[in-house]
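Have the model open as you read.

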Amino acid sequence: RREGAAVVVHGKVWDDANQKSLELASQPHYAHIHPFDHPDLWEGHASLIYEIKSQLNGTKPGAVVVAVGGGGLLNGVVQGLQSVGWRDVPVVAMETEGADSFAAACEAGKLVTLPDITSIAKCLGAKTVTQKSLDLTKEHPIVSCVVSDKAAVNACDQFLNDHLCLVEPACGAALAVVYEPHFIANLQTKGQLSPNLENVVCIVCGGNGVSIDLLLKWKRDLQLS
């Protein structure tokens, strides 16, 4: 708006806004830029892994934990792992109940469109993940894990206390494995992760759609003390 653009907020969930964007893009002088389903975005996200490898001095992590919405960040993380030769490093793909289109796709073996997004983690609110995300499950170890809104918000709250950094529930979905270790333990019990994880990298992202007031509201709504 500061640059003179007309900002249109449309629909209840991202899919509604995307459909409106496609309609506008059919008109002259408009262009549609997808927020997560494009190789250029995945290449950018892949650079996270290059930085992580440098910061770990080349030490291979036992797993990388990432929140999944439409799948763009997941695709980039996997691309980065493969680029640096870490093809055996599993990725734990975290979602919240009610925004778990990736988990649904993994279970069905094909893309699944959710009827609605009922989670408060609206930034995870893509009813359908990218085809690329599902394809990657056939060439890289990716483990799907779904947590409750309560677990995600609780993780946001604890992360704020620990690091003085405010993140939204979409990020809290990934942080839930840090503050509630039973999620990782369950995956280990199922044989989906190694029983001997010396280090786990959790990618922290998503801080635009959150405020102290919103966090307090979510805690009240979810009856978190």
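Contact here means heavy atoms within 4.5 Å. This is a predicted model, where local features need pLDDT of at least 70 and side-chain atom pairs count only at pLDDT 80 or more, while totals for chains, interfaces and linings use all residues. Residues are numbered from 1 along each chain as its sequence is written, and side-chain values use heavy atoms, with hydrogens and water left out.

Start at His140, in the loop between helix H5 (131–136) and strand E3 (142–147); helices (H or I, at least four residues) and strands (E, at least two) are DSSP runs, numbered from the N terminus. Not counting residues up to four places away in sequence, His140 touches Val78, Leu81, Gln82, Trp86, Arg87, Val89 and Val91. Its relative accessible area is 3%, so it counts as buried (under 20%, with a 1.4 Å probe and protein chains only).

Now for the core, meaning a set of buried Ala, Val, Leu, Ile, Met, Phe, Trp, Tyr and Cys residues joined through side-chain atoms within 4.5 Å. The largest nonpolar core has 31 residues, and Val92, Met94, Val147 and Leu175 touch the most other members. H7 gives the most to this core, with seven residues.

How do H6 and H7 meet? Their axes (lines fitted to C-alpha atoms over the stretch in contact) come within 7 Å and cross at roughly 80°. With angles from 0 to 180 degrees between N-to-C directions, and 65 to 115 counting as roughly perpendicular, H6 and H7 are therefore roughly perpendicular to each other.

How values were computed:
Buried < 20%, exposed > 50% of the residue type's maximum accessible area, 1.4 Å probe, protein only. Parallel < 35°, antiparallel > 145°, perpendicular 65-115°, else oblique.
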